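The report after it goes through them in two groups.

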Amino acid sequence: MSAAWTYVCTTAELLPGEMKVAFDDATGTPIAVFNLDGMFYALEDQCTHEDFELSAGHFDAASGQVECVLHGAKFDVREGTALCAPAYEPVAKFPVKVEDGKVYVRDDRH
């Protein structure tokens with residue numbers, strides 16, 4: 001059985017170059033949702049270097065990267081890949097669906 005989808009916002013509320021945080025209804029996991037040139041991506045809102053919210057950092061839409069404000073670790077928002085030290089482990093990536101102009105995510109690890 002797959003996890004239920006969590007409503008994030010409408011597509012009009014998350015414009016290209018913006019990010020928004022939602023909490024998975026079933027697990028309470030904080031999920032950062034990014035609009036990168038009209039495509040939506042979702043990562044766990046937690047740096048893998050230290051327990052700190054990625055959403056507090058800068059989302060660079062030109063490069064598709066989010067930077068943790070705590071120590072400068074950078075991650076690719078499309079895949080969650082760690083791009084530089086001090087982070088070496090990727091951030092968990094979650095599925096996103098857009099249906100009827102609404103954005104949904106889910107923590108599918110459980």
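This is a predicted model: local features need pLDDT of at least 70, side-chain atom pairs count only at pLDDT 80 or more; totals for chains, interfaces and linings use all residues.

In strand β10, K102 is the bridge partner of T10. Residues are numbered from 1 along each chain as its sequence is written, and side-chain values use heavy atoms, with hydrogens and water left out.

Strands here are DSSP runs (E, at least two residues), numbered from the N terminus, and two of them pair if DSSP finds at least two bridges between them. Strand β10 (residues 102-105) pairs with β1 (residues 6-10) over four bridges in the antiparallel sense, and four bridges also join β10 to β9 (residues 96-99), again antiparallel.

Strand β3 (residues 30-36) is largely enclosed by the rest of the structure, because six of its seven residues are buried (under 20% relative accessible area, with a 1.4 Å probe and protein chains only). Five bridges connect β3 with β2 (residues 19-23) in the antiparallel sense, where M19 faces F34. Six bridges link β3 to β4 (residues 39-44), also antiparallel, and there L36 has M39 as its bridge partner.

| Hairpin | Residues between the strands | Residue with positive phi |
|---|---|---|
| β2 and β3 | six residues | G28, near 80° |
| β3 and β4 | two residues | D37, near 55° |
| β9 and β10 | two residues | D100, about 55° |

Terms used
Buried means under 20% relative accessible area, exposed over 50%, partly exposed in between (1.4 Å probe, protein chains only).
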